[in-house]
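This briefing covers the salt bridges of one protein model.

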Amino acid sequence: MGLIIKNGNIITSKNEYRADILVEGEQIIAIGRDLDTKGHEVVDATGKYVFPGGVDEHVHYNSFNSLGYETSHAALVGGTTTVGDFVVQPVGVGLKDSIINYKRDYLDGVATPDYVLHGIIMDPCEESIDDLVNMPSVGVSSVKLFMAYKGMPYYVSDEWIFKALCKGKQAGVTIMVHAENADIIDVLTKKLIEEGKTEPKYFGDSRPVLSEAEATSRAIYMAKIAEAPIFVVHVTNQKSAEIIRDAYNEGLSAYGETCTHYLMLSDENLAKPNFEGAKYVCNPPLRPQSDVDFMWEAINKGWLLSVGSDHCAIMGGFSEGKRKGINDFSKIPPGSPGVQDRLYMMWTYGVESGKISRQKFVEVCCTMPAKICGIYPQKGDIMVGSDADIVIFDPNYQGVVSIKDSLSGSDYCTYEGYQQKGIAEKVFLRGKLVAEGGKFVGELGKGKQVMSAPYAYCYEKFKEGK
Ligand SMILES: [Zn+2]
């Protein structure tokens, strides 16, 4: 017996059409009009949208002071069926081994959505670089390096980024960078704190737009010299997005994503009184409204490919975790929860407000992230043969984002009080119903690793022989 999702309006990144979907086991096995329902369970989706389960290519669990996978069912309630998590390499542990250990220690039997993993080089040395070519054997084909965070273990100098770019392309591993100029930020931070400017509102001043744009440009130059693709994570502003766009138009394989909060929030959130601004401290910081507006244009025009949540629910939330920086903004643990809200914010403030089409919504939230992560078309599309990760979406729901509905484990919602139009009425993960109308109804800990294939989307131009 299979499952037939009947008569929904199927939205993909390219199309919209009315059809039935037949699921057997974990996959979609047929799509068509008036499929024979005999012997199958039928879910009526008349008047509803049906789109692929969200793929959030950028989340953090069990790292950077964040909560772990015991809270990951929040993703499913928000319609996201696959998350892309960044695995921090502990110093002294091999890059590939860091993936194996992380999976064993934090994921197996705990993760609830499916997941694809990215590496993080935190122990830059020849062994780590050599290990890049072994990453696809453990299902990982993207590795991130941090240009920011001077004096912290995450910081990686240009030498290692350049070496990673050269090595990564030998095995089709996409190099991702967190692009911010570490030295400039270090100088500005110390100066602001010395001047007694310690409140969250000064956080943005310590990491100006141009310190991000400079690092973005430098990373792209390094990729150009290495003749390798590059993916810039969490782009926040017009200048950086233009640098990526122009490099791409010049023929380089330069790509980037932005995140929900850079589309929804601005530097005014950081200026909220009574330390409230700390809730919105994340790296890079929130930017002025003009940059926020530009981010919508950038995704709409395809200058930035996708929208991740950069979900990072800090342990202890606002009441304890964020308090570490009460006297010094640079000590506020960066990050905020967002995996549950990403699709709703993109739908309500993107689709419903007329900023993006429904197709673009699916493209930036589901399809393109799957392509970037090397897990397409298993994930990110409604296609015969794809995993039956399906959202039945009721566009008529009207609500408000509230901590009382949040499963993130935090004590605040990044988008508290924001409108929510539409809700994931039913969410299927590999054919199993896991969430219904904002409630988790599945089984915890049943998420599986999705193996990422090397030479993913960022290698497109290489494949075409351009
Ligand atoms: Zn991140």
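This is a predicted model: local features need pLDDT of at least 70, side-chain atom pairs count only at pLDDT 80 or more; totals for chains, interfaces and linings use all residues.

Across the whole structure, a search finds 32 salt bridges.

**D183 and K150**
- A salt bridge joins D183 to K150, with the closest N and O atoms 2.7 Å apart.
- D183 belongs to helix α5 (residues 182–194), while K150 sits in the loop between β9 (142–146) and α4 (158–168), so this pair ties together parts that are 33 residues apart in sequence.
- D183 is partly exposed, at a relative accessible area of 38%.
- K150 is also partly exposed, with 43% relative accessibility.

**E195 and K197**
- E195 and K197 form a salt bridge in which the closest N and O atoms are 3.3 Å apart.
- E195 counts as partly exposed, at 42% relative accessibility.
- K197 has a relative accessible area of 30% and is partly exposed.

**D389 and K379**
- The side chains of D389 and K379 meet in a salt bridge, at 2.7 Å from N to O.
- Both D389 and K379 lie in the loop between α14 (358–372) and β14 (390–400), so the pair ties together parts that are 10 residues apart in sequence.
- Is this pair, D389 and K379, buried or exposed? D389 and K379 are both buried.

**Network**
- D389 and K379 also belong to a network of salt bridges.

Definitions and conventions: Residues are numbered from 1 along each chain as its sequence is written. Side-chain values use heavy atoms; hydrogens and water are left out. A salt bridge is a side-chain nitrogen of Lys or Arg within 4 Å of a carboxyl oxygen of Asp or Glu. Helices (H or I, at least four residues) and strands (E, at least two) are DSSP runs, numbered from the N terminus. Buried means under 20% relative accessible area, exposed over 50%, partly exposed in between (1.4 Å probe, protein chains only).
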